[in-house]
Each structure stands twice: as C-alpha cells, then as structure tokens.
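Hi,

Here is the structure I promised to pass on.

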Amino acid sequence: MATNEKSSFGLLRTKEIIAILDGDTRFGEMAFDDEHSVCIAMPYLSGPDLCGLSTIFGLPATYSWGGTNLSRWQYLDNLIDHCIKNNKCSDLLSYLFGKAQFSNVLSGLPAATIDSAYQQIISEVMQRINGLLYFGGHELVILNSEFYIKKIGAKVEVQAPKIKTIDREYIKSISSRAMQDVDQSNYDSAITKARTLLEETFCYVVEKKGDTPSSSGNMSDLYKQVKGHYNMHADSNTDRRINTLLSGLEKIVSAISEMRNKDSDAHGVGASRISIDEHHARLFVNAAVSMADFILSVEKKANQK
C-alpha cells in the first residue's frame, strides 16, 4: 500500500459506516424465485461477537453480561483504531467481508444461489460505503485481495515490502496462521497470507543480491528478478528433470498470481469471481509455502559460495 493511504482507513470511523460494518444498517431484502429472501446487510455483530473479534486481532476485550459494557459502535471503532495503528485494517475488512461470516445469513438458500446472493450483498454494501466516502473524494477498493481507501480516480501503488529476514521459522509461522484461517473457513485471509509470504520471500532474495524488488505489484515481475539473479532459467545444458521442476515452479507462481486476481475482483462484484473451497485454499497455502521454502534454499546455497 502506498504510505499516504495507510491513514485513510480512519475515514471508516464514522457512525454511518460503522453502522454498516456491524450489521445495524440494512438495505432492504433480496428475494428469490423459490420464495427465499435474505436481508441486504453485513452480518449483525453483537457485543460478545465484537469482543471476540477484537481479541482475534490483538485487542483484548471482554463482555460482561448484566454489567457495564461499551456500545457496539465503540467496540468496533476501537478495533478499527487498533488495526490502523498496527497496519491490520485490510485483514480486518477481509475477515468482515469473508463469505464464512455470512453463513447464518445465507443458510437455507439453495447451493446454486449462495454465491450470487453473497456477491450481490457485498456489491451493495461496498457501493453504500463508497456513497458515504464519495463527497470526501475517496473510495474503498480491493486489489489483489487487499483493501485500500484511495482518492477517487487515483491509482493504487503497491509497494514491495521491505524484508529484513526470511527464514524457515518465519515460513512455518505464516503457514500455521494461514492454515488456522482455513480451519475457520476464512479462505480469503488464508490466501492473502500465502500470497504475501511468496512476495516477501521473492523480495528478500532479490535484496540479498543488492537489487531493488519490483514495485509493479505483479508477483510474476518479482519472480523474473529472482530467476535472473539465481540463474533459474531452464536451458539445454540442465538436466531434463530440473527443467521440468523449474517449469512447474513457473506455473505455481502464475496460478497463484492469476487466481487471486480473478478471485478478488471487487470482492465478488464481478461475475468472474472464482468460488474457493477448503481444499483449494489448502492447496494454495501448501503450494506457496513449498515454493517459498525452495526459493529460500536456492538463495542460501547461492549466497554461501
């Protein structure tokens, strides 16, 4: 994210927008041919729900039954403030907008209808939030599974992260957290962590060669830098099996990059959004972790010479 956009998440800290995010504001109902209908709104978050959510994101909060508690608006406002300070607002929004959070809202609908209903709800909610941001000249958008608040018409510049150290313990840590997301059906967050791990690993090994990682936001561009610096190009003088492996790695990077782009189009606003199942998310995470571990091994061998 561009540095000057980080503080823009503070624009979400209005009662009107928080009332949308915590499920207080409804935008009518969506009716289906089979007589089912669902409310067009974010899932309602109770006081205990918000305390649990705050704790997940590193802001311990408790709810006292029959005691004195903060208002639901205050709980969510405090959490957004905490996430702004800790650069976690995109993760928070990914969690809130994740399909798993709508399970109660969409339960009872035919399986073929659930995806389209979810997409329509998210589309409407995003438009309503952007309607509130419009007169201040900003909008909430999603790019490569990350949420941003940017000036209307401005291009989001995705900066390559500066990485000090990547090691196997770090890879294990990210893998564990991503798999926890999978277990909680928060597939968007799991995929975000897996993709970020690969990007960070690519940046790290490029920096180890004294080069500046590509800031294009395209992971394939980063991988091209890695291949160039570590002589990972397939050629006729290399064993056929190694060439096959390198070709497979190329496909992994391409699939991870392209799949996430298509899957995150305005968070379901576009008809091309891909439905992610648990086994897909697990494959995605495992592939990214294996790739990151391999690239780290390549770097260590090359730079120890």
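Below is what turned up when I went through the aromatic rings.

One thing before you start: this is a predicted model.

Quick bit of background: to describe a pair of aromatic rings, you give the distance of the centres and the angle of the planes.

Start with Phe 57 and Tyr 95, which form an edge-to-face pair, with 6.0 Å centre to centre and 90° between the planes. Their pairing links distant parts of the chain, 38 residues apart. Phe 57 is in the loop between α2 (47–56) and α3 (72–85), while Tyr 95 belongs to helix α4 (residues 89–97). Are these two buried or exposed? The cut-off for buried is under 20% relative accessible area. Phe 57 comes out at 8%, so it counts as buried, and Tyr 95 is buried too because its value is 17%.

Next up are Phe 97 and Phe 147. Their pair is tilted, with 35° between the planes and 5.5 Å centre to centre. Phe 97 lies in helix α4 and Phe 147 in strand β4 (residues 146–151), so this pair ties together parts that are 50 residues apart in sequence. Both Phe 97 and Phe 147 are buried.

Which ring does the charged end of Lys 15 sit over? That would be the ring of Trp 73, with the charged end 5.2 Å from its centre. Lys 209 has its charged end over the ring of Tyr 230, 5.0 Å from the centre.

Happy exploring!

How values were computed. Residues are numbered from 1 along each chain as its sequence is written. This is a predicted model: local features need pLDDT of at least 70, side-chain atom pairs count only at pLDDT 80 or more; totals for chains, interfaces and linings use all residues. Side-chain values use heavy atoms; hydrogens and water are left out. Rings of Phe, Tyr and Trp (its six-membered ring) pair if their centres lie within 6.5 Å; planes under 30 degrees apart count as stacked, over 60 as edge-to-face and the rest as tilted. Helices (H or I, at least four residues) and strands (E, at least two) are DSSP runs, numbered from the N terminus. Buried means under 20% relative accessible area, exposed over 50%, partly exposed in between (1.4 Å probe, protein chains only). A charge sits over a ring if NZ of Lys or CZ of Arg is within 6 Å of the ring centre and within 35 degrees of the ring normal.
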